[in-house]
Amino acid sequence: MNKDSVLLTIPNKPDYISLVRLTSSSLCNKCKLNIDEIEDIKVSIAEACLNSLSLTDKDSINIEFNIDEEKLIIQVSGAVENIPDDLSEKKDRELGILIIKSLMDKVVFNEMGIEMIKFIE
Amino acid sequence: MSFEANIKYDEVENLWVIQPEGDMDIYTSGDFKDNVIKLFEERESDLLFDGKCLDYIDSTGLGALIGILKRVNESNHKIYLSNIKPNIRKLFDITELDKLFIIRGEDNE
């Protein structure tokens, strides 16, 4: 398999998170990942989108999948690591970050958002 | 991709039995929490969440369960969880929420 990229842009609305979950599952199926790994990635991407939904003021969220033989890299725009104290759902979002860091192999926050890596064995 | 919750009172065990079905996420958790707390306030007792039909939960759903637990604890009642699927149980482990709820069939009951 070559290096493939898939880009998904959704409106910044909770209605579209289930679409991201379905798309993520379907995409992971192509990467020879097992059911547990697919579930981990699906949950992590959804949590990254929830984070972005709460914390970005942009109209849309960009999700980028980069797939090669060794790893799956997912970037979600607008997600941030430090949740502001005045956010009403602060505790939920902190749980979200804890879940992402536990389920993915590598997690980096940068100025764009979050980058999550799952290695393919 | 849908969600509903079957809720009924078990007169034998004297507790609310709540069976969420489908995906408990940002779209569905808020109403679920409000409904459960409303019923609890009509008749205060322990709660049993039966997870056999729950396919997915996100941090918003976990937050809703914590919110329900806070209200139930205020009245000195407990929440039991049973039949939680492994993918969801994993999230309770990661977030250490397994220590806040009583999981039926395990040591902490």
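## L103(A) and its contacts

Setting aside neighbours within four places in sequence, L103(A) is in contact with D40(A), V43(A) and S44(A) (contact meaning that the C-beta atoms, placed from the backbone, lie within 7 Å). From L103(A) to D40(A) there are 63 residues in sequence, yet the C-alpha atoms are 5.5 Å apart in space.

L103(A) belongs to helix α3 of chain A, residues 90-103. Helices are DSSP runs of H or I with at least four residues, strands are runs of E with at least two, and both are numbered from the N terminus. L103(A) counts as buried because 22 other C-beta atoms lie within 10 Å; the cut-offs are 20 or more for buried, 12 or fewer for exposed, and partly exposed in between, with C-beta atoms placed from the backbone.

## About the model

This is a predicted model, in which local features need pLDDT of at least 70, side-chain atom pairs count only at pLDDT 80 or more, and totals for chains, interfaces and linings use all residues. Residues are numbered from 1 along each chain as its sequence is written, while chains are lettered from A and ligands numbered from 1 in the order in which they are written.

## Helix α2 of chain B

Now to chain B: buried residues of α2(B) include L62(B), L65(B), I68(B) and V72(B). After α2(B) comes N76(B), in the loop between α2 (59-74) and β5 (79-82).

N76(B) is not a glycine, yet its phi is positive, near 60 degrees. N76(B) is exposed, because 8 other C-beta atoms lie within 10 Å.

K32(A), also not a glycine, has a positive phi of about 60 degrees. You will find K32(A) in the loop between α1 (17-29) and α2 (35-55) of chain A.

How values were computed: Two residues are in contact if their C-beta atoms, placed from the backbone, lie within 7 Å.
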